[in-house]
Amino acid sequence: MAALVKRVGLGTRPLLPVVQAWDLDARRWVRALRRSPVKVLFPSGEVVERKLDPGKQPRKAAAEASPREQRQKQQIQGPASQTPSTWKESGLRYDKAFPGDKRLSSVMTIVKSRPFREKQGKILLEGRRLIADALKAGAVPKVFFFSRLEYIKELPIEKLKGVSLIKVKFEDIKDWSDLVTPQGIMGIFAKPDHVKMTYPETQLCHTLPISLICDNLRDPGNLGTILRSAAGAGCSKVLLTKGCVDAWEPKVLRAGMGAHFQVPIINNLDWEAVPDHLPTDTRVYVADNCGLHVQAQAQRSNKASDYGWVRDQRPLKFHEYEEEDLESGANQDWLPELEVQSYDSDWTEAPAAVVIGGETHGVSLESLQLAESTGGGRLLIPIVPGVDSLNSAMAASILLFEGKRQLRVRVEHLSRDRR
């Protein structure tokens, strides 16, 4: 029995490991060797002081230096630079959004809605390139949301003073982003004013006496592409009448690829105010991309609804009047008579403005009346019979670059005659 108890006692082990006292002391010594102490106190009472390297001092001593000593040290080192060149010298600070922070969601709710956007006067810019173009053109930033500090450090330091900088998680930016691959930075800017903007010098040097009027363009992708073509052709300005999509909508900004900061854009105009933004001798031309067979049919019937390029905005009584007196021809007076000319004929002798209408509703009656009053006409882009019409952005690109070609040819002829 005693042998059995002895065997059991040898086979049993303690449930918890027992830590010896000497083991704890050894760990403390190892931990102490990893540090860089100022003084070392041995158990025997011996004290060994560690000599510091020249130019270094303990953190506590450095923190307790008096302001007078710090000023004397700055005078010895020399005066500081007036313009900070690094993030550390600029003294910029940023906040870090914690879980439950609603600053990003509240701002996005405003800039994603056109009524709130117009009321608050703020727009959303996303992506490092678009934000850099806006800052270069003189747009005023209000708030930046970013996921990595490197994205903010890439921007000009002098443009970030007084701007709220908030670091958020990339997942939060991804939830609010319209991009397939978000770039990790969003900027809230004050709505730019074309009068206060600073456009690139290269753009100003290549500006042409051609303006673009957008009439009832409702597709964001088309408007962004048109703005991009207008900037590429050297258009002097772009006018947007009421009924067009907002030029500062995120989808339009994304399709414009920075064109908003290269060409002046005047938004939400009444037709009565359009002539005030054009030179006095400007001729207005209406883009007409319907085929000749459609025009022949329209001339026979003389109904506005048969023209693929016109939108009927008359009151209901005019519709009734048209249906009753169609055969009498009484409805012919309200439609302006405009001369039709090919898009490649010379129409840039005087400053010109081209009207581009939406694909669904076409151009308005007011645009035809403005073209008639300025001595303009309809620019025909012939297409193959059976094809409905050209894309609005494609038609605008064709006309703008055709006008640029005509002006270049005229300049070449003048230079040849002077020789």
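Mentor: Start at the end of the helix: α8 is followed by G138, whose phi is positive, near 100°. This is a predicted model, in which local features need pLDDT of at least 70 and side-chain atom pairs count only at pLDDT 80 or more, while totals for chains, interfaces and linings use all residues. Residues are numbered from 1 along each chain as its sequence is written, and side-chain values use heavy atoms, with hydrogens and water left out.

Helix α8 spans residues 128-137, and within it L130, I131, A134, L135 and A137 are buried (under 20% relative accessible area, with exposed meaning over 50% and partly exposed in between, using a 1.4 Å probe and protein chains only). An α-helix has 3.6 residues a turn, so residues three or four places apart point the same way. On the face turned away from the buried side, α8 carries the exposed residues R129 and K136. The buried residues of α8 pack against β4 (122-126), β5, β7 and α13, where contact means heavy atoms within 4.5 Å. Helices (H or I, at least four residues) and strands (E, at least two) are DSSP runs numbered from the N terminus, and the protein chain has 17 helices and 14 strands.

Rings of Phe, Tyr and Trp (its six-membered ring) pair if their centres lie within 6.5 Å, and planes under 30 degrees apart count as stacked, over 60 as edge-to-face and the rest as tilted. By this rule the count comes to four aromatic pairs. One of them is the edge-to-face pair of F144 and F189, at 5.8 Å centre to centre with 80° between the planes. This pair links distant parts of the chain, since F144 sits in strand β5 (residues 141-146) and F189 in strand β7 (residues 185-190), 45 residues apart. Both F144 and F189 are buried.

W248 and F261 form a tilted pair, 6.0 Å centre to centre with 50° between the planes. W248 lies in the loop between β9 (237-241) and α13 (250-256), and F261 in the loop between α13 and β10 (265-269), so the pair ties together parts that are 13 residues apart in sequence. Both W248 and F261 are buried.
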